[in-house]
Amino acid sequence: MSHVVKLPAVEDTRDFGRRLAGLLRAGDLVLLTGPLGAGKTALTQGIGAGLGVLGDITSPTFVIARVHRPDPARGGRVALVHADAYRLGAATDPRAEIDDLDLDASVDDSVTVVEWGEGLVEQLVDAHLRVRIDRRDDDTRIVELDPIGGDWARRLADLG
């Protein structure tokens, strides 16, 4: 069952990411979908803040993936791997490029968030969370969270 949230501004998207981070644990895969400028990176910034990781969370479009280590001074408990598959779609086999990123090497020990990863990275884990973000003309974001397997539905119920 989907969980839908309406967020009036980009800062609300970051705040929601902080709340979502409270549900996340090592081994989790979160797939972010939505048009350019919808707020995927803003949501990830909130997740990073909630996880207490080091470094600024910026779009990894040109570097493809970034690893943010936990910062114990900020209560960090797990690393965040933030990947962006946007530029991989033009490849003959974008899944081969995903394999080259070795996301499977870190997926068990970190929270992995992949922008534009739908159809490319689901095989990394048995269960994942798909998050669709749409941005309206008034900058309101509609966020739809779809639990795919595992205990995601129960965890989303705890989100309130």
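1. Helices and strands here are DSSP runs, numbered from the N terminus. On that basis the chain has five helices and seven strands. Their pattern along the sequence is β-α-β-α-β-β-α-α-β-β-β-α. The model is predicted.

2. Start with the sheet. The seven strands form an open sheet with mixed pairing, in the order E1-E7-E6-E2-E5-E4-E3. Strand E1 (3–7) and strand E3 (65–68) are the edges, and each pairs on one side only. From one strand to the next, the twist averages 20°.

3. Strand E2 (residues 29–33) runs parallel to strand E6 (residues 128–135), and four bridges link the two. Threonine 33 has arginine 132, in E6, as its bridge partner. Helix H1 (residues 10–21) packs on the sheet and touches E1, E6 and strand E7 (141–148). The direction of H1 makes about 20° with that of E7.

4. Next, the loop between E6 and E7, where aspartate 139 lies. Which residues does aspartate 139 contact, leaving aside its neighbours within four places in sequence? They are Leu7, Pro8 and Ala9. Aspartate 139 and alanine 9 are 130 residues apart in sequence, yet their C-alpha atoms are 6.1 Å apart. Aspartate 139 has 34% relative accessibility, so it counts as partly exposed.

5. Take the contacts in the chain with a separation of 6 or more: 65% of them join residues 24 or more positions apart. Of the 160 residues, 48% count as buried. The accessible surface comes to about 7700 Å², and carbon and sulfur atoms hold 48% of that surface.

6. The largest nonpolar core has 28 residues. Phe16, Ile47, Leu51, Leu80, Leu129, Val131 and Leu145 touch the most other members. Two or more residues come from each of E1, H1, E2, helix H2 (40–51), strand E5 (110–115), E6, E7 and helix H5 (152–159). A second, separate core has six residues, among them Leu29, Leu31, Val114 and Val125.

7. Beyond its neighbours within four places in sequence, leucine 51 is in contact with Ala21, Gly75, Gly76, Arg77, Val78, Leu80 and Val111.

8. On charges, the whole structure holds eleven salt bridges. One of them joins the side chains of glutamate 11 and arginine 18, at 3.6 Å from N to O. Are these two residues buried, partly exposed or exposed? Glutamate 11 is at 37% relative accessibility, so it counts as partly exposed. Arginine 18 is partly exposed as well, because its relative accessible area is 36%.

9. Arginine 132 returns here, in a salt bridge with aspartate 134. Their closest N and O atoms are 2.8 Å apart. Arginine 132 is at 34% relative accessibility and therefore counts as partly exposed. Aspartate 134 has a relative accessible area of 30%, so it is partly exposed.

10. Last, helix H5. Arginine 154 and aspartate 158 both lie in this helix, four residues apart, or about one turn. Their side chains meet in a salt bridge of 3.3 Å, N to O. Arginine 154 counts as partly exposed because its relative accessibility is 46%. Aspartate 158 is exposed, because the cut-off is over 50% and its relative accessible area is 52%. Salt bridges with shared partners join Arg25, Asp28, Asp151, Arg154, Arg155 and Asp158 into one network.

How values were computed:
Residues are numbered from 1 along each chain as its sequence is written. This is a predicted model: local features need pLDDT of at least 70, side-chain atom pairs count only at pLDDT 80 or more; totals for chains, interfaces and linings use all residues. Side-chain values use heavy atoms; hydrogens and water are left out. Two strands pair if DSSP finds at least two bridges between them. Axes are lines fitted to C-alpha atoms, for helices over the stretch in contact, and angles run from 0 to 180 degrees between N-to-C directions. Contact means heavy atoms within 4.5 Å. Buried means under 20% relative accessible area, exposed over 50%, partly exposed in between (1.4 Å probe, protein chains only). Accessible areas come from the Shrake-Rupley method with a 1.4 Å probe; for residues, only the protein chains shown count as cover. A nonpolar core is a set of buried Ala, Val, Leu, Ile, Met, Phe, Trp, Tyr and Cys residues joined through side-chain atoms within 4.5 Å. A salt bridge is a side-chain nitrogen of Lys or Arg within 4 Å of a carboxyl oxygen of Asp or Glu.
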